[in-house]
Each structure stands twice: as C-alpha cells, then as structure tokens.
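Please examine the sequence and the model before reading each solution.

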Amino acid sequence: MAQTNPTNTSMSPMGPFKITVYDQEHFQGRRMEFTAACHNIMECGMDNIRSFKVECGAWVGYEHSSFCGQQFVMERGEYPRWEAWSGSNAYHIERMISFRPIFSACHKESRIIAFERENFMGRQFEMCDDFSSLQAMGWCNNEVGSMQVQSGAWVCYQYPGYRGYQYILECDRHGGGYKHYREYGSHAQTFQIQSIRRIQQ
C-alpha cells in the first residue's frame, strides 16, 4: 500500500512538486510519495531508494542524509535503477538517502556566469544555453574558479559530455554565488567543470 508523506504540497511559481520513491529496483517494494524535502529516507523506514518516479517539478538527490555527498539531478520521468539517475557518472554510487525540490528551475530563462578564478575574479564566460564541452566553446581550461547563477538552476559536470560528478547550482541558494569549488557541493574536491546544462522544470 502506498504511504504518503504528510507534509503539505510545496508550491513554486511553476507549480507543485511530487516524487514517488521505492525501496526496490524497477518500482517494486515499499512505496512512498513526497511533495517536499526528505532529509533522511531511513527515518521513513527505508534503508535506501532504489528506484523512483518524478511526477512534478525538478529535484536533487543526495548520497547521504541532510543533503550531503554526491548530487544527482532528477527531472520529470522514471528512474528504474541507479544508472538512470547517476547517468554517465564514472563513480558507482547506488545510494540515495535525501532529496529536495529545486524551486528555481526555469529552463527558458536561465543565465549563469563562469569565472576563471575563485571569488568571481578573472576571465568571465556568460551562458544561457547548454554546453557539452566548455573548452570547445572557448573556455580557457578544464576548471571553473567560481560561478554566479543569475537565473534558473544548472547542473555542472566534471567531464565533457555531461559525465562525472554532478553539481547543482541554483539562483536561490548562496545568493546565486558560488565563490569556491567547496560551495559546489559537499563532495566537490576540485575546480574541474567541463560541461553544463540547464535544469528542466
């Protein structure tokens, strides 16, 4: 039987959020619906999330509780196994313990500025579209020192072709400013970012 999170539906200018998670692959086993953030799925009686369906809104999942560890962007659709949400991630992570809505996702009106050095210094590169390779578009190297999200939400990847670690950057977090790679995510260990795309709402 389905179990529903009692939290009230979260609303954004784009509408409600809804995700259904399962403790087994291919949408089997225990099932729960959420319309708001979950800090720790273990507190809900699941030991892990092994598949899920995003019905409304965009979400970000995390490897550990309290929104820590590797990040995974979760846009509308079905994710039957861990490969579906980790994508071309080179790191074998089957664990997802916490997740939350991405309120600022606005695919049509997204804008971000990449800076060569930390603290928004050095060469700048303004983007309002997806880039599978920043170097192919003229960026100077394989690193980005800092980022300023002016609108929307973005997912940055460690390698070209949307591969490697994922970093979710949003205009409504950190004031839109990410002045050092440590602010990209708790799992970030390098300035390396080589591809970037807008998050679909």
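**Exercise 1.** How many helices and strands does the chain have?

Solution. The model is predicted, with local features requiring pLDDT of at least 70 and side-chain atom pairs pLDDT 80 or more, while totals for chains, interfaces and linings use all residues. Residues are numbered from 1 along each chain as its sequence is written, and side-chain values use heavy atoms, without hydrogens and water. Taking helices (H or I, at least four residues) and strands (E, at least two) as DSSP runs numbered from the N terminus, one finds 1 helix and 17 strands.

**Exercise 2.** Classify the aromatic pairs Y22 and F27, and F125 and W139.

Solution. Rings of Phe, Tyr and Trp (its six-membered ring) pair if their centres lie within 6.5 Å; planes under 30 degrees apart are stacked, over 60 edge-to-face, and the rest tilted. The count by this rule is 14 aromatic pairs. For Y22 and F27, the centres are 5.6 Å apart and the planes 65 degrees, giving an edge-to-face pair. F125 and W139 are stacked, at 6.0 Å and 25 degrees. F125 belongs to strand β12 (residues 121-127) and W139 to the loop between β12 and β13 (146-151), so this pair ties together parts 14 residues apart in sequence.

**Exercise 3.** Are F125 and W139 buried or exposed?

Solution. Buried means under 20% relative accessible area, exposed over 50%, and partly exposed in between (1.4 Å probe, protein chains only). Both F125 and W139 are buried. Y22 is likewise buried, at 7%.
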